[in-house]
Amino acid sequence: MDDKTIANVAVESLIEEAELTPKPGLVDRLDNGAHDDLDLPLMIKSATSLRGTFREMARVTHLQDPTQSMREEIAKIGRQGELVMLQATNGTNTHKGAIWALGLLVASTSALGQDATDRGMAATAGKIARFSDRHAPGGNSNGNRVMKKYGVPGARGEAEQGFPHVVNIGLPVLRKGREQGVSETHARLNALIALIASLDDTCILHRGGAKALLDAKKKAGIIVKHGGVSTKNGWRSLQKLNQSLLGYNASPGGSADLLAATLFLDKVEQLNRKKSGMRSMIPTY
């Protein structure tokens, strides 16, 4: 898969995550969730602005083994991408977390080539993330403050572990929904809800504290127990989760980033399988 295709899939995944409706506490087609500085057109504009960033990450990592120099190179590209994003959004931070998560997965996808599996891509992204970035700027970001205050792994820990929530929760729930015949929208919402139920989401912690996180995970867990949003009780519980998050003025942005990562890995594996099938149909002489 070439760098252009990988970048397009990454941007497509971000846009589809943003457009998914209705999402609790998050920007979607209905409203802006718990955000007063974001809306759907801005999210789409931000995602589109990152196409060049992801393409450059894919280009420099093509068929390369994970190394510290690779880690530092994509980090540099990511920081430049943040500036592009901020320019496109007039200073609003829309996708900083997604640049980190999807950037690593874009790099691992390009590094592994066309035969990569979702688990292989996630594991390789973890290898890249575990290298240090000696050129990282200092600073105390919201995510770092929350990680220290509450002792949670955050986006960095998720990546360094090889995206376990994506591989063990997001992807299986998404694919189970498809196998059960629910709509693609409901399958994706179920994946998001399952992520919220399990993840110590630093975005919720930052804006709503531990009480908001506990409440969100509990209410999301109820939806899972009901069998997902395609059930009557699950749909009603989704509305309760949304109202709860709005009451805390909290948004599960970390879970949304992992949903985008889930969609990305799912799309890449589907494309790789399709290409593999086409290659197997070519006669040899």
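This is a predicted model: local features need pLDDT of at least 70, side-chain atom pairs count only at pLDDT 80 or more; totals for chains, interfaces and linings use all residues.

Biologist: What do Asp215 and Lys219 form, and how far apart are the closest N and O atoms?

Modeller: Asp215 and Lys219 form a salt bridge, with the closest N and O atoms 2.7 Å apart.

Biologist: Is Asp215 buried or exposed?

Modeller: The cut-off for buried is under 20% relative accessible area. Asp215 has 16% relative accessibility, so Asp215 counts as buried. Lys219, at 24%, counts as partly exposed.

Biologist: Which parts of the chain does the salt bridge between Lys217 and Asp200 link?

Modeller: Their side chains meet at 2.7 Å, N to O. Lys217 is in helix 11, and Asp200 is in the loop between helix 10 and helix 11. The two are 17 residues apart, and the pair links distant parts of the chain. Lys217 is partly exposed at 23% relative accessible area. Asp200 is partly exposed too, at 30%.

Biologist: Where do the partners lie in the salt bridge between Asp118 and Arg175?

Modeller: Asp118 lies in helix 6, residues 118–129, and Arg175 in helix 9. They are 57 residues apart in sequence, so the pair ties together those parts. The closest N and O atoms are 2.7 Å apart. Asp118 counts as buried, at 9% relative accessibility. Arg175 is partly exposed, with 24%.

Biologist: How many salt bridges does a search of the whole structure find?

Modeller: The search finds 17. Some residues join up in a network of salt bridges. Asp118 and Arg175 belong to that network, and its other members include Glu12, Glu16, Arg178 and Glu184.

Biologist: Now the pockets. How do I find empty space?

Modeller: Rolling a probe the size of a water molecule over the atoms shows where empty space is left. Take the second largest pocket here: about 240 Å³ of space lies in it.

Biologist: Which elements give two or more residues to the lining of the second largest pocket?

Modeller: They are helix 9 (164–180), helix 10 (184–198) and helix 11 (202–225). Helix 9 gives the most, with four residues. Among the lining residues are Val173, Lys176, Asn190, Ile223 and Gly228.

Biologist: How many of the lining residues of the second largest pocket are nonpolar, polar and charged?

Modeller: Six are nonpolar, five polar and one charged.

How values were computed: Residues are numbered from 1 along each chain as its sequence is written. Side-chain values use heavy atoms; hydrogens and water are left out. On a 1 Å grid over the protein atoms alone, a cavity is a set of points where a 1.4 Å probe fits but cannot get out, and a pocket is an open set with protein on both sides within 12 Å along at least five of seven lines; lining residues have an atom within 4 Å of a point. Grid points are joined across faces, edges and corners, and a volume is the space filled by probe spheres set on the points. Ala, Val, Leu, Ile, Met, Phe, Trp, Tyr, Cys and Pro count as nonpolar, Asp, Glu, Lys and Arg as charged, and the others, Gly among them, as polar. A salt bridge is a side-chain nitrogen of Lys or Arg within 4 Å of a carboxyl oxygen of Asp or Glu. Buried means under 20% relative accessible area, exposed over 50%, partly exposed in between (1.4 Å probe, protein chains only).
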